[in-house]
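Please read these notes with the model open beside you.

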Amino acid sequence: MVKRVHQPREDAEFDFILGMSDVPVLAYFIGTWPKALDPCRAMDLVVGGIAEEYAGRLTAVRADITRCPAVTGRYGVTGAPSYVLLKEGEAVAHGEGPMTTAEVRELLDGHL
């Protein structure tokens, strides 16, 4: 199976992935503290499915808030899970909290 969701270990790696993508990037931000773990893990399945469904039209990136603090601040992320759709590095859509697949599609559609 092809890896569909990139997982940068630091801000520089996130920026590298963003710079190399020739399609919009769905960045979803996760937290590793106890209250965030379950909702973020649930979103792994949703975003993984979205990455498969939108293959070739979207790059998905799973960023840990504590490992990518500069990126988190740059896009105004204040909680986890959070989602930012980026086109050419600019945020064009935001979402926060657990979302269904249909809600993530709604966030994306119209921008892709």
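1. Basis. This is a predicted model, in which local features need pLDDT of at least 70 and side-chain atom pairs count only at pLDDT 80 or more, while totals for chains, interfaces and linings use all residues. Residues are numbered from 1 along each chain as its sequence is written, and side-chain values use heavy atoms, with hydrogens and water left out.

2. Strand β2. Helices (H or I, at least four residues) and strands (E, at least two) are DSSP runs, numbered from the N terminus. Buried means under 20% relative accessible area, exposed over 50%, and partly exposed in between (1.4 Å probe, protein chains only). Six of the six residues of β2 (residues 25-30) are buried, so this strand is largely enclosed by the rest of the structure. In a regular strand the side chains alternate between the two faces of the sheet. In β2 both faces are covered, with V25, A27 and F29 on one side and L26, Y28 and I30 on the other.

3. Neighbours of β2. Two strands pair if DSSP finds at least two bridges between them. Strand β3 (residues 59-64) runs parallel to β2 and is joined to it by six bridges; here R62 stands opposite Y28.

4. Cores. A nonpolar core is a set of buried Ala, Val, Leu, Ile, Met, Phe, Trp, Tyr and Cys residues joined through side-chain atoms within 4.5 Å. Which members of the largest core touch the most others? Of its 21 residues, they are L26, M43, V104 and L108. Helix α2 gives the most to this core, seven residues. Another core, of 15 residues, lies apart from it and has V25, F29, V61 and Y75 among its members.

5. Salt bridges. There are five salt bridges in the structure (a side-chain nitrogen of Lys or Arg within 4 Å of a carboxyl oxygen of Asp or Glu). One of them joins R74 and D15 at 2.8 Å, N to O. R74 is in helix α3 and D15 in helix α1 (residues 11-20), so the pair ties together parts 59 residues apart in sequence. Another joins D44 and R62, with the closest N and O atoms 2.8 Å apart. At 25% relative accessible area D44 is partly exposed, whereas R62, at 19%, counts as buried.

6. Backbone details. Most residues other than glycine have a negative phi, and most peptide bonds are trans. A80 and P81 are joined by a cis peptide bond, with omega about 0 degrees. E88 is not a glycine, yet has a positive phi of about 55 degrees. E88 lies in the loop between β4 and β5 (90-96) and is exposed, at 84% relative accessible area.
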